[in-house]
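Please keep the sequence and the structure in view while working through the points.

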Amino acid sequence: MNTQEMVQDLNSKFQSDSIRFGIWENSDLPTIFVANKYCQGAVSVFGAHVLSYIPAGQQEVLMMSKASHLAAPKAIRGGIPLCWPWFGGDPQPTHGTGRIQFWNVTAVIREADGSDTICLTLSIEEPHRLDASLKVNFGKKLSITLNTVNQGDTAFVLAEGIHTYFSIGEISQCFIHGLGGAKAENRVDNTEFVAADTFGFEAETDNIYYSTSAITIEDRAWNRKILVEKLNSNTSVVWNPWIAKSQRMPDFGDEEYHNMVCVEATNCAGAKIELAPGRAHSITQLISVL
Ligand code: BG6
């Protein structure tokens, strides 16, 4: 099925006043568009990847790179990539295969409170028999829950991440609150440290925090605070590629590091999940503008 046929098929399967299926601008991504009293948003069927979340009366919360690939089979740069069922570059492809496959749209639900939930699923055989399902609720908050079921006969060590790119006014005027006291690993120089209550950015940042706490992103340039809560997540990753890495990434603009920060709900590094046969695990990230 080509993209246009996929969109037609979805439009004939699911009817809702607040949801339509189309193609993301200047792309080849079949996309679910949501508009309700709380917000507007969009989810790509490729990668089950949230592309946009605009709460009513607010600016866009998510950052999408203008240099991103916007067609299968390459990963999308920006929005909310899912890292699944592993995190990082070992094995390849980096951050797992979930973000580079087409998912099945299984339901679009108009909730009683007027929010909308989109449900997508993916089953894989390699490296293990796993079922994933994603529920994205577009409401006063954006809520993303990724559930994994081990369908194999042996245990599986799962690593995962909801790798959200936040749109900000200027990284040098952006501060992270909520991680104070957490044990942390700096993945740029491979050192360990204990997080301060509040910190800013002045170099490439790629830190893993052993923390279950909510994080507040304080964006002084746009005078806005974003609350990032999470459930069943024992690590948070904070990432900004800064100057040299931005220049090395072909799908990211040289200057775009100024206008983004990734705050990721994860279970990675020393906090992977051992999933016994038949067992399920879910991770949730909740995003709201304060
Ligand atoms: C972060 C990692 O989560 O994702 C970084 O900690 C990585 O090391 C970044 O560079 C982006 O990864 P990718 O595969 O999307 O370029």
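Which residues surround the ligand? The points below begin with that matter and then turn to the pockets, the cavity and some features of the backbone. The model is predicted.

1. Surroundings of the ligand. The ligand is surrounded by Arg77, Phe87, Thr94, His95, Arg99, His163, Asp206, Val237, Trp239, Lys245 and Glu264. Sorted by class, this shell comprises 5 charged, 3 polar and 3 nonpolar residues.

2. Arg77 places a polar side-chain atom 3.0 Å from an oxygen atom of the ligand. For His95, an N or O atom of the side chain is likewise 3.0 Å from a ligand oxygen atom. In the case of Glu264, the distance between a polar side-chain atom and an oxygen atom of the ligand is 2.9 Å. The ligand taken alone exposes 390 Å², and the protein buries 82% of that area.

3. The lining of the largest pocket contains 17 nonpolar, 8 polar and 10 charged residues. The strands β11 (160-167), β16 (205-210) and β19 (235-240) each contribute at least two residues to the lining of this pocket.

4. The second largest pocket. The space in this pocket is about 350 Å³. Its lining has 15 residues, of which Leu62, Met63, Met64, Ser65 and Lys66 are closest to its centre. By class, the lining of the second largest pocket divides into 7 nonpolar, 5 polar and 3 charged residues.

5. The cavity. How many cavities of 30 Å³ or more are counted? The count is 1 cavity, and the volume of the largest cavity is about 30 Å³. The residues that line the largest cavity are Ser213, Ile215, Val228, Glu229, Lys230, Ser236, Val263, Glu264, Ala265 and Gln285. Two strands, β18 (224-231) and β20 (260-267), each supply at least two residues of the cavity lining. That lining consists of 4 nonpolar, 3 polar and 3 charged residues.

6. Cis peptide bonds. Most peptide bonds are trans. Exceptions therefore deserve a remark, as most peptide bonds do not take the cis form. Trp84 and Pro85 are joined by a cis peptide bond, with omega about 0°. A cis peptide bond also joins Gln92 and Pro93, where omega is about -5°. Pro85 lies in the loop between β5 (82-83) and β6 (104-110), and Pro93 is located in the loop between β5 and β6 as well.

7. Most residues other than glycine have a negative phi. What is the phi of Asn223, a residue other than glycine? The phi of Asn223 is near 50°, a positive value. Asn223 is found in the loop between β17 (215-219) and β18.

How values were computed
Residues are numbered from 1 along each chain as its sequence is written. This is a predicted model: local features need pLDDT of at least 70, side-chain atom pairs count only at pLDDT 80 or more; totals for chains, interfaces and linings use all residues. Side-chain values use heavy atoms; hydrogens and water are left out. A residue is near a molecule or strand if one of its heavy atoms lies within 4 Å of it. A polar contact is a pair of N or O atoms within 3.5 Å; within protein, one must be able to donate a hydrogen and the other to accept it, and residues adjacent in sequence count only if both atoms are side-chain atoms. Accessible areas come from the Shrake-Rupley method with a 1.4 Å probe; for residues, only the protein chains shown count as cover. Ala, Val, Leu, Ile, Met, Phe, Trp, Tyr, Cys and Pro count as nonpolar, Asp, Glu, Lys and Arg as charged, and the others, Gly among them, as polar. On a 1 Å grid over the protein atoms alone, a cavity is a set of points where a 1.4 Å probe fits but cannot get out, and a pocket is an open set with protein on both sides within 12 Å along at least five of seven lines; lining residues have an atom within 4 Å of a point. Grid points are joined across faces, edges and corners, and a volume is the space filled by probe spheres set on the points. Helices (H or I, at least four residues) and strands (E, at least two) are DSSP runs, numbered from the N terminus.
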